[in-house]
Amino acid sequence: MTLIIDCHGHYTTAPAAHNDWRELQKAAFKAGEAAPAYPAISDDEIRETLEKNQIRLIKERGADMTIFSPRASAMAPHVGDEGVAKGWARANNDLIARCVDLYPEIFAGVCMLPQNPQAGLGGSIEELERCVTELGFIGCNLNPDPGGGHFTAPPLTDRFWYPFYEKMVELDVPAMIHVSGSCNPGLHATGAYYIAADTIAFMQLIEGDLFKDFPTLRFIIPHGGGAVPYHWGRYRGLADMLKQPSLDGHLMHNVFFDTCVYHQPGINLLAEVIDTKNILFGSEMVGAVRGIDPQTGQYFDDTKRYVDALPISDDQRHAIFEGNARRVFPRLDARLKARGL
């Protein structure tokens, strides 16, 4: 029996008190004051938000578990200074840990990082280590543009990032390359900024030789890889023009795409262009597109039905739903084996 593991879920339904505290934290920073104490949130409040939303939909749509992280658009490390970013990251990651503790068979934690654009990576390294070694998380969300839509950070292949990659390799955890909310009015967050950032990240990786230095480093590029699968010939051609190795050897032992593509033709193209070993099932549920597709009568983000409909073998479907996630997230694999799965 195949486990259906969703590699891309966010806590978009966190209790109101959590979001209210964020507004108080931002106001306190603006006023030059210390942030107030984080509010008391009961287990029952967390259960209610999850059972009415993520857990209900997981069961209705036939999945088994979700790799769960804080709400992406609210990570916003560009707000305030590094102290604000650290406090917000810690609050979010602690809340995710509580979700996992309440439903350990349904959720596995992935952390956000305090990547303030005026700060180095020391705080992010510390938070990653805390989340993995103390909270039992299995990966992280790494923001390639902490400035929120202006792309002023060094490319992902720059040595600026190397200390963080060294910690990832030491802990044997992957990163999902995921930006946050856009403060650039020309970039709609989920419709433009996310997809652009995914595509930019892939091109940065083509231009460098990162995986020569970190052969076991693993990245997931979400939202189906942005524009990459649709323009696969362009990127193969650019790699050749730049005198880089072919993509299968240069990147595709280390880079993976999810299935957060919200229509059947898009999933079909993804599976036709990208090797099965590089595709992980994901839905981003409850996330960017929550409505019902008038053409199908089904929810746009019910991506399992698209994978179910692919003309692929049972072995390929198993890899997309379970096998690849266990390979990319070895800490998840160990956890599942401990449960006899």
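Because the model is predicted, local features were required to have pLDDT of at least 70 and side-chain atom pairs were counted only at pLDDT 80 or more, whereas totals for chains, interfaces and linings use all residues. Residues are numbered from 1 along each chain as its sequence is written, and side-chain values use heavy atoms, with hydrogens and water left out.

Eight strands form an open sheet with parallel pairing, in the order 1-2-3-4-5-6-7-8. Strands (E, at least two residues) and helices (H or I, at least four) are DSSP runs numbered from the N terminus, and two strands pair if DSSP finds at least two bridges between them. Strand 1 (5-11) and strand 8 (279-280) are the edge strands, each pairing on one side only. Five bridges join strand 1 to strand 2 (residues 65-70) in the parallel sense; His-10 has Ser-69 of strand 2 as its bridge partner. Helix 4 (residues 82-102) packs on the sheet, where it touches strand 1, strand 2 and strand 3 (107-111). Contact denotes heavy atoms within 4.5 Å. The direction of helix 4 makes about 170° with that of strand 3; axes are lines fitted to C-alpha atoms, for helices over the stretch in contact, and angles run from 0 to 180 degrees between N-to-C directions.

Helix 2 (residues 43-51) packs against helix 4 at an angle of about 80°, the axes being 10 Å apart. Helix 2 is therefore roughly perpendicular to helix 4, a term covering angles of 65 to 115 degrees. Asp-43, Ile-46, Arg-47 and Leu-50 of helix 2 meet Leu-95, Arg-98, Cys-99 and Leu-102 of helix 4. These contact residues comprise five nonpolar, no polar and three charged (nonpolar: Ala, Val, Leu, Ile, Met, Phe, Trp, Tyr, Cys and Pro; charged: Asp, Glu, Lys and Arg; polar: the others, Gly among them).

The largest pocket holds about 330 Å³ of space. On a 1 Å grid over the protein atoms alone, a pocket is an open set of points where a 1.4 Å probe fits, with protein on both sides within 12 Å along at least five of seven lines, and lining residues have an atom within 4 Å of a point. Grid points are joined across faces, edges and corners, and the volume is the space filled by probe spheres set on the points. Of the 19 lining residues, Ile-195, His-223, Cys-260, Val-261 and Tyr-262 are the closest to the pocket centre. The lining has 11 nonpolar, seven polar and one charged residues. Helix 7 (189-207) and helix 11 (264-273) each supply at least two lining residues, and helix 7 gives the largest share, four residues.

Methods
Parallel < 35°, antiparallel > 145°, perpendicular 65-115°, else oblique.
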